[in-house]
Amino acid sequence: MTPSNRKVQPGPVANPDTDASWSPQPLEMRTVLHLLWQRKWVITLCFLAAMVAANAYLSKLPEQFTARAEVMLNNRETRIVDIENVVSDLGSLDDSANEQRVLTSEGLLTRLIHRLRLDLDPEFNRAKRPAKALQDWRSDIEEMLSRGLLAPLLAPRVRMSDTEDSPDRERLEIMQTLRATLEVSGVPSTRAITIDVTSIDPEKAALVANTLADLYILDQLDQKFEATRQASSWLSDRVAQLKEKVRTSEAAIEAFKANQTISAGQGADLTDQQIAELNAELISARAGTAEAAARFDQVQRRIAQGGLSAASKVVSSPLILTLRTRLADLRRQEAELATRYGDKHPKIIHARAEISDAQNGVSSEVRKIVEGLKNDVAVARARESALDRSLAELEGKSVQLSRSSVELRQLEREAEADRLIYETFLSRFRETSEQEDLQSADARLLTSATAPLEPSSPNRKKVLIIAAVLGLGIGLALVAILESRANTFRAISEVGEVTGLPTLAALPRWRRRKTRQQLLGHVQSKPNSGLAEAIRTLRTALSLAQVDQPPQVVMVTSSGSGEGKSTTCLLLAQMALRAGQRPIVIDCDIRRPTLQQTFKMAPEEGLLSVLDGTSSLHDAITTDATFGLDLLPAPKPLPQAVDTFASDQFQEIIASLRERYDLILLDAPPIMLVPDAGTIGQAADTTLYAVRYDETPRAAVLEGLARLRRLNVDVAGTIATLVDVRREAQYAYAAYDAGHGAYVQKNLYLSD
């Protein structure tokens, strides 16, 4: 075969630090379940530890008994008489919360302590307990924990001065202990209240619960009786005060009326009547004045227009009528005489003299009448003025009387209000006095407490359930922590998912430690074993990687030492030899050579002697007698090796071996420890990267592949080495299915 200078570009390698497209695959439920199954002993140990601790805790706790009494708040009032109570009955459900506070009030609990003499009971009074040794305080703390007494002891307490009496401190401690054993709660959507008392003695628990319920009912009656007595006493004093106030108000009214009559001389009614009469007279007087003034004005206008004779026509007087009639007769006679006599005739002169006398008489009479009309106007106006003055006086008096009436009505209203208040309080006083013997409590005992037959605490079931949940939770948390810290490959499929390269084969871990020669012998003696099948799979995958021209020079490297790369080279060479090829293994790890140790040989010549020209390639190649493998060892370690593999001599050695061998395997040092693999890979057609199952860190694998990629070293794929068959079978089951997992365990990776 001719040497091949072909270089294949390396495929993409996933890197979680540099490749944004890479991300961990989400866990499926089957995977999670199998992870939990893998860590089942961690979960089991945590669960058992929690259960043991819970049982130890329960064994130290004393038994506690809880008795329950139940009272019902009355919402129906028994009405013997229709009288409103001094203390109102309980109304809404909100009053239930207030009554619960009453049940735990200091006054009611103090009466309970005195009634049952709990101050002499060692359970409630620590001073009555016998002295204990220091080591017994633990049992006291556990007792307080079980009874819920630790919370009130740890809560902020009232600090008493050094001068405070010891009985007060003792009373407060007894009160705190009693409240810790007492639980009062309401039943939802009802008016019932439950009273739970916990004690080490079931009879005592029932007695305390029933006594507290009785004291609560009696306390309600006492409160109502006391409130009624106080109300009666207060109402009695108030009624006396109101009675005196009513008497004073009525006396003030009478005194005001008498004073008003004396000062005004007459009453307001008579004054109003007089005002009405004067108003009528004043109206009539004003009408008369207007009429007289109109007649006088008419006469005055006639006189101004035609003289006194003209005024006589509008003046109605019997004398004027007579004079005017006579004047008319005289003028007719004058006219008749004028027809017969001349102007100088005595009869005519006489007639005219009579006419003049008559006219003078009319004028004189008119003057008298005008003067009379003038007097009538003056008299009417004088009368009108007098009536105005009288009316003004009466109106002033009426205003004064009205003001006095307003004050009087105010006094009467106040007196009436005082009278109504007095009558109301007098009626309520009589009702309250009758109510003292009709009081009833607002609550009744619905269920009496009985001595419990079973202890209420410790609640073994609850404690054990909590312990079980806690143990399982801690176990799951530990599993999650362990799994989160695991940065290795636990499934063969993960290698390909993370690196982006195919996993060409998986070499199982031997159950019992064996040397490389023993492994070679096993594959030779059992060609159908799981290990032989894995190597055969690797060789097939390697040959199919490039169908037209399979790789002839193959470098095998890894991230670190102890990952099975040297064993992989030897097994792959053995499988190629059995297939009729001519393979050779070159130990390129000249810092830590392994071939002479594996085959127990001490050659004088090797790879380094060929490179430095001290021996020929033919003389340096050694053939193992047992397995027939051609080997090119590196017998002497060389600290500086990079320049050695970068030399032309190394390229010439590879070119020479290409002509003689079908498969040249380069056992290179770890890429993460020394840079030799990057230089050696330049002479190889492809590279196999060994990854130890559940040992090699993922970051180391990704970094090693990244270094090879930067050096343009082609990597055909990875090899999973030292695979734990059983664990991989379980992971394979989780990742795929039961049939695939069974195949992995029974067929592909069997190592026996």
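I looked up the largest pocket, and its volume comes to about 1,100 Å³. A pocket here is an open set of points on a 1 Å grid over the protein atoms alone, where a 1.4 Å probe fits, with protein on both sides within 12 Å along at least five of seven lines; lining residues have an atom within 4 Å of a point. Points are joined across faces, edges and corners, and the volume is the space filled by probe spheres set on them.

The model is predicted: local features need pLDDT of at least 70, side-chain atom pairs count only at pLDDT 80 or more, and totals for chains, interfaces and linings use all residues. Numbering runs from 1 along each chain as its sequence is written, and side-chain values use heavy atoms, without hydrogens and water.

α16 gives the largest share, five residues. Helices (H or I, at least four residues) and strands (E, at least two) are DSSP runs, numbered from the N terminus. By class I noted 12 nonpolar, 14 polar and 12 charged residues, with Asp, Glu, Lys and Arg as charged, Ala, Val, Leu, Ile, Met, Phe, Trp, Tyr, Cys and Pro as nonpolar, and the others, Gly among them, as polar.

Next I looked at an open sheet of four strands, antiparallel, in the order β2-β3-β1-β4. β2 (182–186) and β4 (443–447) are the edges; each has a single partner strand, so one side of each lacks a neighbour in the sheet. β1 (residues 65–73) pairs with β4 over four bridges; pairing requires at least two DSSP bridges. I found Val 71 opposite Leu 445 in β4.
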